[in-house]
Amino acid sequence: QVQLVESGGGLVQAGGSQRLSCRASGSIFSVSSMGWYRQAPGKQREWVSTITYRGSTNYADSVKGRFTISRDNARETAYLQMNSLKPDDTAVYYCNLNFVGVDYWGQGTQVTVSS
């Protein structure tokens, strides 16, 4: 049974930085892809970033150059470092683990960027 526990959400001023963490229990972490998604009020959930089990990363155009995804296999934890935050980044951020095509989700953490 895979369980994802997120932390790091909160209120931050525009231009500031925030780091989200996602700890994943289970022995499949090191061979799974990890990702971050977000959902703003009135909008669909959108993909933000992915890091594969090999460490390859991809980013949505909206966050490219500002956000950095990483993973620590020893800690079974994925991170999302968010820099130069904008009010449009305000959303509930969800951690995702994908193992052989099966998705597991965290509970979501609110990130609010003030003007």
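Residues are numbered from 1 along each chain as its sequence is written. Because the model is predicted, local features need pLDDT of at least 70 and side-chain atom pairs count only at pLDDT 80 or more, while totals for chains, interfaces and linings use all residues, and side-chain values use heavy atoms, with hydrogens and water left out.

Me: How many salt bridges does a search of the whole structure find?
Reply: The criterion is a side-chain nitrogen of Lys or Arg within 4 Å of a carboxyl oxygen of Asp or Glu. Run over the whole structure, the search gives a count of 5.

Me: Which residues are linked with Arg38 in a network of salt bridges?
Reply: Start with Arg38 and Glu46, whose side chains meet at 2.7 Å, N to O. Arg38 also forms a salt bridge with Asp89, at 2.9 Å between the closest N and O atoms. The network that holds Arg38 links it with Glu46, Arg66 and Asp89.

Me: Is Arg38 buried or exposed?
Reply: The cut-offs are under 20% relative accessible area for buried, over 50% for exposed, and partly exposed in between, with a 1.4 Å probe and protein chains only. Arg38 itself has 6% relative accessibility, so the label is buried.

Me: How many residues apart in sequence are the parts that Asp89 and Arg38 tie together?
Reply: Strands here are DSSP runs (E, at least two residues), numbered from the N terminus. The two residues form a salt bridge at 2.9 Å. Asp89 is in the loop between strand 8 (77-82) and strand 9 (91-99), and Arg38 is in strand 4 (residues 33-39), so the separation is 51 residues.

Me: What is the distance between the closest N and O atoms of Arg75 and Asp72?
Reply: Arg75 is exposed, with a relative accessible area of 59%, whereas Asp72 is partly exposed at 24%. The two form a salt bridge, with the closest N and O atoms separated by 3.6 Å.

Me: Which residue in strand 10 is the bridge partner of Asn96?
Reply: Strand 9 runs antiparallel to strand 4, joined by 7 bridges, and there Asn96 stands opposite Gly35. Strand 9 is also joined to strand 10 (residues 102-105) by 4 bridges, again antiparallel. In strand 10, the partner of Asn96 is Trp105.

Me: Which residue in the turn of the hairpin of strand 9 and strand 10 has a positive phi?
Reply: The hairpin has 2 residues between its strands. The positive phi is about 45°, and the residue is Val100.

Me: Which residue in strand 11 stands opposite Tyr93?
Reply: Strand 9 and strand 11 (residues 109-114) pair in the antiparallel sense over 3 bridges. Opposite Tyr93 is Thr109.

Terms used:
Pairing = 2+ DSSP bridges.
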